[in-house]
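Please consult the sequence and structure shown here.

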Amino acid sequence: MPDSNTSGADLMKTVLEPLLEDFQYWFVRSRDFLETEKLSFMDEQAQSELLSRVKQAQEELSAAMMLFNATEGQVGIDMTTLMPWHQLVTECWNVAARFRSQQAA
């Protein structure tokens with residue numbers, strides 16, 4: 001009989017590790033974008049608040065990744081943690097898409 005802990009850890013590593021790496025990638029891109037572009041459709045305060053939320057999410061993600069790596073994939077991350085990150089990435093995608101469409105016009 002296979003060790004259920006090993007297969008669970010393998011599954012976590014297979015699913016969760018790439019997901020965390022994706023969040024890291026999109027938070028870095030979003031942060032770079034928000035730090036370098038002036039968005040005509042957002043006031044400075046709104047852009048600053050969005051950037052602040054991205055930075056906070058990066059800190060949370062960094063802590064989660066450290067814990068995940070320190071336990072060799074034995075620790076999961078609750079959906080109540082992942083969903084706000086997903087929503088933030090989606091919000092950043094929408095802002096970037098709006099910026100690109102304005103640039104193309």
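The sections below describe salt bridges and a glutamine in a predicted model.

## Salt bridges within helix H1

Four salt bridges are found when the whole structure is searched. In one of them, the side chains of Lys13 and Glu17 pair at 3.5 Å, N to O. Both residues belong to helix H1 (residues 4-36), where a spacing of four residues separates them by about one helical turn. Glu17 is partly exposed at 23% relative accessibility, and Lys13 is also partly exposed, at 34%.

## A link between helices H1 and H2

Glu35 also forms a salt bridge with Lys55, and the closest N and O atoms are 4.0 Å apart. Because Glu35 lies in helix H1 and Lys55 in helix H2, the pair ties together parts that are 20 residues apart in sequence. Lys55 is partly exposed, with a relative accessible area of 30%. Through shared partners, salt bridges join Arg31, Glu35 and Lys55 into one network.

Helix H2 (residues 44-70) contains Gln58. With a relative accessible area of 18%, Gln58 is buried, because the cut-off for buried is under 20%. Leaving aside residues up to four places away in sequence, Gln58 touches Phe27, Val28 and Arg31.

Terms used
Residues are numbered from 1 along each chain as its sequence is written. This is a predicted model: local features need pLDDT of at least 70, side-chain atom pairs count only at pLDDT 80 or more; totals for chains, interfaces and linings use all residues. Side-chain values use heavy atoms; hydrogens and water are left out. Helices (H or I, at least four residues) and strands (E, at least two) are DSSP runs, numbered from the N terminus. Buried means under 20% relative accessible area, exposed over 50%, partly exposed in between (1.4 Å probe, protein chains only). Contact means heavy atoms within 4.5 Å.
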